[in-house]
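Here is a short briefing to read alongside your viewer. Let's walk through the surface, the core and the backbone together.

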Amino acid sequence: MTATRSIDENAIADVNIYLYSSKKNYHFYYAENAPSFELQVLPGEYTLCVITNMHKDMGLMSNSLLIQQKYYIEKMQNDIPMTASMKVRILGAMTLPAIEVTRIAAKITYSIAVDDAVASAIKLRSVQFCNAPSMTVMFGTGSSSTNKTYYYDDVVVDIYNDKIYTGDYYMLDNCQGEVNSITDPKDKSPENAPECATYMRILADGENGKILEYIVYLGENSTSNFDVKKNTKHTMNLVIKGENEIYKKLETELFPNSLSLSFKDECGEYPTASSYAVWKAVKKLASCNDTVNLLIYNHHHSINHSLMLIRKSV
C-alpha cells in the first residue's frame, strides 16, 4: 500500500453479517452502512461475525471457511476492511449489544528529518517500505508467515524536500516476534532481524555523489520486537545525524588512504547493480598506467553483501 495513496481508515461502505449455530447458519449483506440492521433469525445461541468494506456480497459460507478467508493488499484502495466476532444469545425480538469492528491493517505515521549539523552534507532522496505482507487471514492473530513469497517491496517514494518528509503508510499485519538478544537499537539491523520483518529503507544523497542508505525496522519497541499487529498505530520520528556506519568504516578504518567512488547515484538500486560497478571499474582502469587494485563493495537493502576485487597489472 503506497504511502501516497489516500485511505479513509474510518469509512464503512458495506457490511457482511454471519450468524452460526449448531442448527442453522445465516448470512446477510448490506451494500450500504446504517446505524443498525434488522435481522430475522430463529432463537438460539450464535457466533456473530461481521466483515466490512469488502465491496461485494461474500455469500453464505461455513464458519471454518470464513475464519480462513484471505485478503490481499491490492484490494485495499480507498478504505480498510474491518472485522468483529462475538457470541450472542437470541431469545426473541430483541436488540443485540453494539459490536465494534476493528481494522485488519496497521497505520504507520512517520517523519524523517536531517539533523541541522549534517544538513549541508546529507539530502533526503527516497523512502520505501520493504518486506510488506501481501496478504493476511482476516480473522487471524499471532505469528505471520516466514515464507518470503508472501512479502514484497512497495514502491519507492521520491522525496523532494532535502531536509524533512512526513507520511502515513497502511500495511497488513506482520508479526515476526521477539529477538531477545537485541538490547541496543543499533543492533536492530538486517544481520539480526527475522528474514521477513518489515522495514523502512531511506536513501539520501551524501557528499561526493554517495548514496546513503538507512534501514529502520518496525515493531512494538526500538530493540527486540518485530510485530506489526492488526488495528495498531505506530509513530516513528526519525532523525538522520550522519552517514551509514558501514560506509564510514570502509573509508576511514579499512581503506583510509584509498580513493572512494560511488556508482549507485548513477545507476540506481536493483539486485544486480554490481554489474554496473564492474563496467564503471573497467572503464576507469582503462586509463590507468600503473598496477591498480579496485575493490567493489555492494549490498542490496543491507542484507545481501558482495565484494569483488579487480586488478590491473602493467
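Leu-309 is exposed, with a relative accessible area of 61% (exposed means over 50%, buried under 20% and partly exposed in between, with a 1.4 Å probe and protein chains only). Its place is in strand S20, residues 304-312 (strands are DSSP runs of E with at least two residues, helices runs of H or I with at least four, numbered from the N terminus). Please keep in mind that this is a predicted model, in which local features need pLDDT of at least 70 and side-chain atom pairs count only at pLDDT 80 or more, while totals for chains, interfaces and linings use all residues. Residues are numbered from 1 along each chain as its sequence is written, and side-chain values use heavy atoms, with hydrogens and water left out.

**Surface**

**Cores**
- The largest nonpolar core has 28 residues, and Tyr-110, Ile-112, Val-127, Met-200 and Ile-202 have the most contacts inside it (a core is a set of buried Ala, Val, Leu, Ile, Met, Phe, Trp, Tyr and Cys residues joined through side-chain atoms within 4.5 Å).
- Strands giving two or more residues to this core include S7 (105-114), S8 (123-130) and S15 (199-205); the largest share, five residues, comes from S7.
- Another core, of 18 residues, lies apart from it, with Ile-51, Met-61, Leu-66 and Ala-105 among them.

**Strands S15 and S16**
- S15 and S16 pair in the antiparallel sense over seven bridges (pairing takes at least two DSSP bridges between the strands).
- Arg-201 has Ile-215 in S16 as its bridge partner.
- Seven of the seven residues of S16 are buried, with Ile-211, Glu-213, Ile-215 and Tyr-217 on one side and Leu-212, Tyr-214 and Val-216 on the other.

**Positive phi**
- Most residues other than glycine have a negative phi.
- In the hairpin of S15 and S16, with five residues between the strands, Asn-208 takes a positive phi near 60 degrees.
- His-55 has a positive phi near 60 degrees and is found in the loop between strand S3 (44-52) and helix H1 (63-66).
- Asn-131 has a positive phi near 60 degrees, lies in the loop between S8 and strand S9 (132-133), and counts as buried at 3% relative accessibility.
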